[in-house]
Amino acid sequence: MSDQIEGGCRCGRVRYRVTLDKLPNVYACHCLDCQTWSGSAFSLQFFHQENRFVVTGEPALYELTSQTSGRTSRQYACPVCFTRIYNKNSSRPGFVTIRAGTLDRSNELAIVAHIWTKRKMRGVDIPPDVPSWPEGAPSGDFVAALLRA
Ligand SMILES: [Zn+2]
Ligand SMILES: [Zn+2]
């Protein structure tokens with residue numbers, strides 16, 4: 001039997017539930033967009049099947065199409081407190097990318113991979129046994145790192 005794992009925004013209006021046997025492995029991205037969007041050193045997220053993801057509270061949508069790749073990113077946030085919760089990308093149909101810090105049990109998460117480390121801030125140290133890539137990772141290697149452990 002799978003556990004229901006839940007999360008939501010800071011004010012409580014938007015809540016979500018994912019169906020997983022255990023907490024997901026999460027990865028950190030140190031790219032400029034993620035630093036800007038999070039206001040922090042890196043973003044933390046995990047992939048999840050869209051058909052096993054239930055959201056309540058009508059999140060606001062911000063849609064952005066990349067000039068370079070032509071991919072469309074749909075970003076969903078709380079319309080009241082503006083917490084970013086998840087996004088969809090036209091390059092990854094059927095999946096959502098969820099901001100890991102919005103999980104209720106975020107203190108139990110493990111960061112199992114880092115990407116775009118060439119932009120990482122000083123003072124952020126990555127353990128030597130955790131896979132990391134200076135830019136985006138080759139998708140096969142990256143998925144393997146996320147599925148490990
Ligand atoms: Zn909110
Ligand atoms: Zn990024």
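Me: A nonpolar core is a set of buried (under 20% relative accessible area, 1.4 Å probe, protein chains only) Ala, Val, Leu, Ile, Met, Phe, Trp, Tyr and Cys residues joined through side-chain atoms within 4.5 Å. Which residues touch the most other members of the largest one?

Reply: Among its 18 residues, those are Tyr16, Phe53, Tyr86, Ile98 and Leu103. Strands S2 (15–20), S8 (84–89) and S9 each give two or more residues to this core. Another core, of 11 residues, lies apart from it and includes Tyr27, Val112, Trp133 and Ala145. By the way, this is a predicted model, where local features need pLDDT of at least 70, side-chain atom pairs count only at 80 or more, and totals for chains, interfaces and linings use all residues. Residues are numbered from 1 along each chain as its sequence is written, chains are lettered from A and ligands numbered from 1 in the order written, and side-chain values use heavy atoms, without hydrogens and water.

Me: What is Ile98 in contact with, beyond four places in sequence?

Reply: Contact means heavy atoms within 4.5 Å. Ile98 reaches Tyr16, Val18, Leu44, Gln45, Phe46, His48, Phe53, Ile85 and Tyr86 that way.

Me: Why do S4 and S9 count as paired?

Reply: Pairing takes at least two DSSP bridges, and S4 (43–49) and S9 (95–99) have 5, so they pair. These two strands run antiparallel, with His48 opposite Val96 in S9.

Me: What makes S6 and S10 edge strands?

Reply: S6 (60–65) and S10 (111–115) each pair on one side only. Their open sheet of 7 strands has the order S6-S7-S8-S9-S4-S3-S10, with mixed pairing.

Terms used:
Helix = DSSP H or I, 4+ residues; strand = E, 2+ residues; numbered from the N terminus. Buried < 20%, exposed > 50% of the residue type's maximum accessible area, 1.4 Å probe, protein only.
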